[in-house]
Structures are given as C-alpha cells and as structure tokens.
Amino acid sequence: DIDECSFERTCDHTCINYPGSFECLCHKGYTLYGLTHCGDVDECSISNGSCDFGCLNTMGSYECVCPPGKKLHWNKKDCVEMVKCLPNAKPAPKAQLVCSKTGGIESCFLSCPSNTLFVPDSENSYMLSCGVPVQHGKAQPRRNSTLPSCSDSLAPPVKQKARFKIKDAKCHLRPRSKEKTKDSGKQAVSDNCQVTFVNLKCDSSKKKRRGRKSPSKEVSHITAEFEVEMKSEEVSDTCNIDCVRKRMEQKLQTAIKTLRKSINKQQFYIQFSETEYEVAQKPAKATEGHEACSTGQVLQDGKCVTCSTGTFYSGEHNQCIPCSPGTYQDTEGQLTCEPCPSNDSQGVTGARNVSECGGKLNSIKNALGQCSPGHYSSDGFKPCTVCPLGMYQPEPGRTLCFTCGGGLMTKYEGAVSFQDCETKVHCSPGHYYNSTTHRCIRCPVGTYQPEFGQNYCITCPGNTSTDFDGSTNVTHCKNQHCGGELGDYTGYIESPNYPGDYPANVECIWNINPPPKRRILIVVPEIFLPIEDECGDVLVMRKSASPTSITTYETCQTYERPIAFTSRSRKLWIQFKSNEGNSGKGFQVPYVTYDEDYQQLIEDIVRDGRLYASENHQEILKDKKLIKALFDVLAHPQNYFKYTAQESKEMFPRSFIKLLRSKVSRFLRPYK
C-alpha cells in the first residue's frame with residue numbers, strides 16, 4: 001500500500017489512507033470538489049440559508065441578518081421585533097482599540113467583547129468578528145447578538161479598511177506569555193471614540209525569494225475592516241454631522257497609522273476574556289510546548305481536540321472551560337461565551353444554545369420543547385401551530401413557515417419541504433422550479449442541483465464553476481486556476497482542478513526561468529488528455545511564445561508511462577489549452593533545475609532505455625517521495641550526503657542504483 005496521505009498537497013483538509021486507496025474529507029462548512037480539494041459551501045444559495053430575511057455567506061459558515069428595527073431570534077434564522085431599550089439598559093458591547101507608546105515603541109491591543117466570532121479558515125489563516133456592527137439603514141453582515149443594541153446611531157458609521165504585512169511570521173492566534181503582559185502607560189485612541197466593530201482576517205503564505213541561499217520566507221497579511229459609530233450627542237452648534245464624520249475619520253486614520261507601526265514591530269495583540277493573544281509568530285515559536293494545537297483546541301491523548309459547544313478556549317489556562325451561568329456558546333472552538341438574552345446570570349453551567357440558558361421562563365420553555373418541522377409558534381417553542389396549506393417549514397424551533405409562492409398549495413398541512421408543494425411541472429435534477437412562470441429553468445453556469453423538484457440551484461463551492469448550464473452534481477464544479485509552484489530549483493505545474501477533470505475552454509501559461517548556468521529537467525509521471533476530440537486539448541513546452549521557437553515537448557493524448565527529459569532551451573514557455581469537448585484528469589508535472597556542468601550526465605541517464613524498461617523503474621518516476629529525493633540531490637548535489645547508504649538501498653531498487661552509479665562513475669572519472 002502507498003500511503004498517499006504522506007505526500008505533500010494530497011488533500012486540502014483531512015486525508016484518510018486505505019489499503020490501495022485514500023479519501024479526502026473537508027471541514028464543516030466546506031465541500032469536496034476535484035477529488036481532493038475543499039471549497040466553501042455557499043449556504044445562502046440553498047433556500048436563502050433558510051433565513052427569514054437576509055443571508056450572508058462567510059468562509060466555512062453563514063449568517064442570517066435582519067432589517068433595521070428587528071433582531072435575530074435565538075434560532076439564528078428568524079427576525080423578531082427589537083426590544084425597546086430601557087432607560088438604564090446597557091448598550092451593546094463594543095470593541096476597543098487601545099494604543100500606547102513606551103520608549104519610542106508603539107504597541108496596540110484590540111479589546112474584544114464577549115460576543116466575538118472566531119473562524120479558523122485553515123492551519124495558517126483565521127478570521128475574527130469583534131463587536132456588533134452599527135445598525136443603520138440596512139441589515140449588517142454579522143452574527144447578531146441576542147442582546148439588543150441600544151446605541152443611538154445618527155448616520156451610517158465611519159468605515160475604513162486597512163491591510164498590514166507581518167514578515168517572517170505565521171498566522172497563529174496564541175496566548176501572550178505572562179512576562180510580556182505588563183501594562184505600560186496605555187492611552188486610548190481617543191477619549192470618546194470606540195471602534196464599534198472590527199472584522200479581522202489573518203492569512204499566511206510563503207514568499208519565494210530569488211538567490212541561491214535565501215530560503216522561502218513566511219509572510220502574513222492582516223486585513224482589518226473598522227466601523228466607528230456616529231452618535232447624535234457629538235453633533236453641536238459648532239460641529240455639524242459632516243464635521244463629526246471628518247473628525248471620526250481623522251481619529252480612525254491616526255489609530256490605523258499607529259496600529260501599522262505596532263504591527264511592523266510585532267507589538268499588536270488581541271484581548272478576549274482578559275487574556276492577550278499574539279496575532280502571528282515566527283514559525284519556530286509557533287510550535288513550542290502545548291502550542292502545537294491551533295487556538296480553540298487542546299491536546300488530549302496526543303491529539304488536538306476542538307473545544308466543544310458549551311465551552312470556550314482559555315489561552316491563560318490552555319484548556320476548554322464551561323460557559324458560566326447566564327452565558328452560552330453554540331459554536332465549537334470559540335474564545336468567549338455569549339451573554340444569554342435574559343441576562344439574569346441564572347441557569348446552567350455549559351449552556352450550548354439559548355434554549356439551555358436557564359432563567360425561569362427559559363426553563364419552562366425548555367421543558368415544553370421546540371416546535372417540530374412543519375410547525376411554528378411566536379417564539380419557536382410549544383405550543384405550536386401547524387403550517388397551513390400552501391406553506392412549509394423544514395426546521396425545528398421556527399417562528400414562521402415559508403410560502404410555496406405563485407398561489408401553489410401543499411399536498412397537506414404541516415408540510416416540511418418545497419417538494420410538498422403541488423407544482424404544475426416536476427423538475428428534474430439540473431433544473432429549478434420558477435414559482436412565477438411555473439416552469440423548470442436550467443441551473444445557470446456556476447450552479448448545480450442534484451435533486452428532483454427543488455426551487456433553487458446550489459452555488460459551486462469556493463472559486464469553482466461549471467463548464468455548462470444544467471449541472472446535476474458538485475463534481476461538475478471545477479477550479480479554473482492554473483496550478484503549480486515555480487521555484488528556482490524545483491517546482492511543478494498542474495492542470496486546473498487537478499486531480500479532478502480540468503475545465504473546458506481554459507488556457508494556462510507558465511514560464512520557467514532558471515538562475516544563471518542552470519538547465520531544466522522535467523518528469524511527466526503520467527498525463528491524461530482525451531484523444532477523442534482530435535487534439536483539442538494540448539500541452540506544449542517550448543523556448544518562447546513564438547510557434548517557431550525550439551519545442552521540447554508537445555502532446556494531446558494520454559500517456560500512463562512516465563518519461564523524463566531535459567529542456568532543449570535554457571528557459572521554458574509552457575502552454576496548456578483545452579476546448580469545449582471531452583475533459584480528463586490532466587497532469588501534475590514536476591521539474592528541477594541543475595548545474596549545467598552536469599548536462600552530459602543528466603542527458604545520458606534520461607535517454608537510457610533502461611530507465612523506463614522495468615515496472616520498478618517506472619514506479620520510481622511516479623512516486624512523489626522518490627522524485628522529491630532525486631530532485632533534491634540534482635538541485636543541490638551536496639545533499640546526497642544527507643542520505644545514508646542504507647536509506648538509498650531502501651528507497652530505490654538495486655538495478656536503479658546500479659544504472660546511476662555506472663553513469664556517475666564514468667562521468668566523474670572518464671579515464672579510469
């Protein structure tokens with residue numbers, strides 16, 4: 001058995017090895033495409049996310065949003081009337097950006113309230129929503145808190161977006177060490193201005209550097225969107241609303257400038273539940289001690305386990321702590337718990353949703369239970385009313401039923417799906433029912449529908465799209481991005497959506513330009529291009545874009561046997577083109593650049609038929625680990641001494657070592 005999971009880049013998220021096979025799995029909120037890739041599911045394209053009003057898709061999740069004057073019900077789907085604020089009611093908790101200057105060095109920290117959403121996108125990126133957006137004029141893209149917002153917003157908030165760069169660091173949210181957390185003379189950005197809401201995304205990527213000795217460096221990018229509320233009490237005779245806005249904008253710009261300086265010096269922290277977290281660290285530091293697990297996870301029996309619902313991750317104690325009475329948490333791996341709507345600090349410890357919040361009223365409702373699908377009530381709890389004819393409700397605990405539309409009736413009361421509506425025609429997969437025209441419409445390009453009788457099409461995951469309209473399966477969704485990594489010493493190119501079928505009408509161009517005095521060796525382990533459509537899909541490698549330049553390789557068909565060859569020119573221009581006919585798996589082609597002094601030796605090896613003669617030798621050129629080891633030595637010959645004689649024996653068959661040894665000996669000692 002080959003353990004495919006031990007290879008780099010086998011699966012985007014989770015890889016499971018089986019005897020003779022493997023399987024890729026995706027995190028919650030993502031779906032599989034192209035056999036190994038994971039893309040974000042656009043839940044809003046599936047019946048508007050089952051939201052009462054608006055739906056906003058986020059990476060790995062989604063949020064329902066409400067119009068002004070309404071707030072989100074505890075079921076996070078329905079909109080209910082906003083509770084009028086009492087004279088002494090607390091305003092919604094806000095974020096605060098606090099900066100200070102000590103010994104000429106700026107440091108800033110972002111203080112986040114209890115209703116913070118933490119979304120880890122991948123191992124090296126995450127997103128934070130800190131505070132509550134200002135409700136003015138339209139629904140806000142934020143997981144609405146169950147607490148009413150009592151702020152007196154005068155006009156649309158001041159919004160600014162900024163992008164920051166942190167060199168040589170990876171995006172990992174880690175608790176700051178105790179000795180560093182000493183309060184210096186912290187001075188707030190302004191006396192009367194808080195940053196009402198911050199949406200922050202941290203993303204890491206490797207930056208390739210030219211030059212022989214400089215390795216690739218980690219670069220992290222932070223994108224932050226700030227919102228500051230405009231308050232009526234700040235308007236005066238001497239400063240009207242435009243004047244207040246200008247002042248706010250200037251304050252925010254000043255704060256962002258200071259923040260940029262503090263980020264450059266890696267002096268920026270985020271505070272939740274009285275614990276300060278570093279935004280990104282140097283790679284070596286990111287794996288110290290217990291910090292091997294991602295934030296929101298703890299080590300249990302040698303495995304990283306995400307903090308469950310009803311708990312939050314405490315960076316200070318490095319453990320999952322149950323939510324205290326009066327708070328709840330319905331999402332895994334979070335850094336705080338949300339306040340319960342009753343706000344009376346009664347109820348159970350470790351509440352996993354609002355219905356477990358406790359308080360006398362909640363306890364009674366919880367005992368009664370939620371409304372079942374096909375039913376509704378004013379608060380989602382029993383006693384419930386059955387959905388009338390012409391309406392349906394697929395979920396429990398809802399305050400409304402959805403209408404079939406177009407005057408359509410359901411087959412019976414208490415319907416639980418649009419498929420219970422008596423449509424005039426029955427739509428097949430790849431189509432959706434239009435309730436206005438009472439016709440089946442083909443799913444547009446970039447969407448699909450695998451079921452009969454639905455009234456929506458599902459948007460393709462991530463950045464994928466379909467080749468044509470009327471798609472019936474997520475497998476028709478393909479990434480259009482031309483894949484690969486082009487390094488000075490080693491790299492690879494791959495067809496879009498690999499190892500899934502490549503899309504129609506795609507064109508990819510790659511340029512391999514090695515450092516001085518180096519030549520290119522290419523291995524094509526296998527390539528799948530359908531031969532049926534008369535060379536419609538072509539991979540060509542030549543010196544330049546000019547059709548008359550020296551060609552090294554050209555093919556328009558499938559070859560399952562590997563081939564290795566050297567480039568006929570120092571640089572390579574590579575093009576892959578597909579037509580709208582048949583498609584195939586395509587290719588993943590690695591290359592290495594080697595010192596031109598070895599040109600004669602390398603050509604002698606790759607042109608020898610014995611390299612391809614046996615199944616054993618062919619498997620070497622298809623084995624990603626062995627090719628990586630060979631390329632490592634070809635790119636940097638001194639790395640040969642990293643491998644012991646025993647390792648070489650175990651990696652390669654004797655016949656292969658014998659073939660190489662005879663050629664290398666002859667090349668290095670021609671007269672012996």
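## Basis and overall composition

Helices (H or I, at least four residues) and strands (E, at least two) are DSSP runs, numbered from the N terminus. The structure is a predicted model, in which local features need pLDDT of at least 70 and side-chain atom pairs count only at pLDDT 80 or more, whereas totals for chains, interfaces and linings use all residues. Residues are numbered from 1 along each chain as its sequence is written, and side-chain values use heavy atoms, with hydrogens and water left out.

The protein contains 8 helices and 45 strands. Of its 672 residues, 48% are buried, where buried means under 20% relative accessible area, exposed over 50%, and partly exposed in between (1.4 Å probe, protein chains only). Contact denotes heavy atoms within 4.5 Å. Among contacts between residues at least 6 apart in sequence, 60% join residues at least 24 apart.

## Nonpolar cores

A nonpolar core is a set of buried Ala, Val, Leu, Ile, Met, Phe, Trp, Tyr and Cys residues joined through side-chain atoms within 4.5 Å. The largest such core comprises 45 residues, and those with the most contacts inside it are L97, L110, Y126, L200, F226, F268 and I270. Helix α1 (residues 241-264) gives the most to this core, contributing 7 residues. A second, separate core of 23 residues includes A564, L611, F652 and L659.

Leaving aside residues up to four places away in sequence, Y126 touches F118, V119, P120, D121, C171, H172, L173, L200, K201, C202 and V279.

Strand β12 (residues 125-131) pairs with β11 in the antiparallel sense over 5 bridges; two strands count as paired if DSSP finds at least two bridges between them. Within this pair, F118 stands opposite L128 of β12. The hairpin that joins β11 to β12 runs through 2 residues.

T116 occupies the loop between β10 (105-111) and β11 (117-122). With a relative accessibility of 3%, T116 counts as buried. Its side chain reaches the backbone oxygen of P113 at 2.8 Å, a polar contact (a pair of N or O atoms within 3.5 Å; within protein, one must be able to donate a hydrogen and the other to accept it, and residues adjacent in sequence count only if both atoms are side-chain atoms).

Strands of a sheet pair through backbone hydrogen bonds, either parallel or antiparallel. Here 4 strands form an open sheet in the order β38-β44-β41-β42, with antiparallel pairing. Because β38 (507-512) and β42 (551-555) stand at the edges with a single partner strand each, one side of each is left without a neighbour in the sheet. From one strand to the next, the twist averages 10°, based on axes that are lines fitted to C-alpha atoms (for helices over the stretch in contact) and on angles from 0 to 180 degrees between N-to-C directions.

Strand β41 (residues 538-542) is joined to β42 by 4 bridges, and the two run antiparallel. R542 has T551 in β42 as its bridge partner.

## Helix α6 and its surroundings

Helix α6 (residues 624-635) has 12 residues and spans 16 Å from its first C-alpha to its last, close to the 16 Å expected at 1.5 Å a residue; the expected span is 1.5 Å times one less than the number of residues. At the N-terminal end, D623 caps α6, with a side-chain oxygen 2.9 Å from the backbone nitrogen of K625.

The buried residues of α6 are L626, I627, A629, L630, F631, D632 and A635. An α-helix has 3.6 residues a turn, so residues three or four places apart point the same way. The buried residues of α6 pack against the strands β37 (490-494), β39 (518-524) and β45 (586-595), and also against α5 (615-622), α7 (645-651) and α8 (654-668).

## Backbone geometry in loops

Two cis peptide bonds may be noted. The bond from K382 to P383 is cis, with omega near 0°, and P383 is placed in the loop between β26 (375-376) and β27 (385-386). The bond from Y498 to P499 is likewise cis, with omega near 5°; P499 belongs to the loop between β37 and β38.

The loop between β37 and β38 also holds N505, which has a positive phi of about 50° although it is not a glycine. N505 is exposed, with a relative accessible area of 53%. L35, in the loop between β3 (30-33) and β4 (37-40), has a phi near 70°, a positive value in a residue other than glycine. At 58% relative accessibility, L35 counts as exposed.
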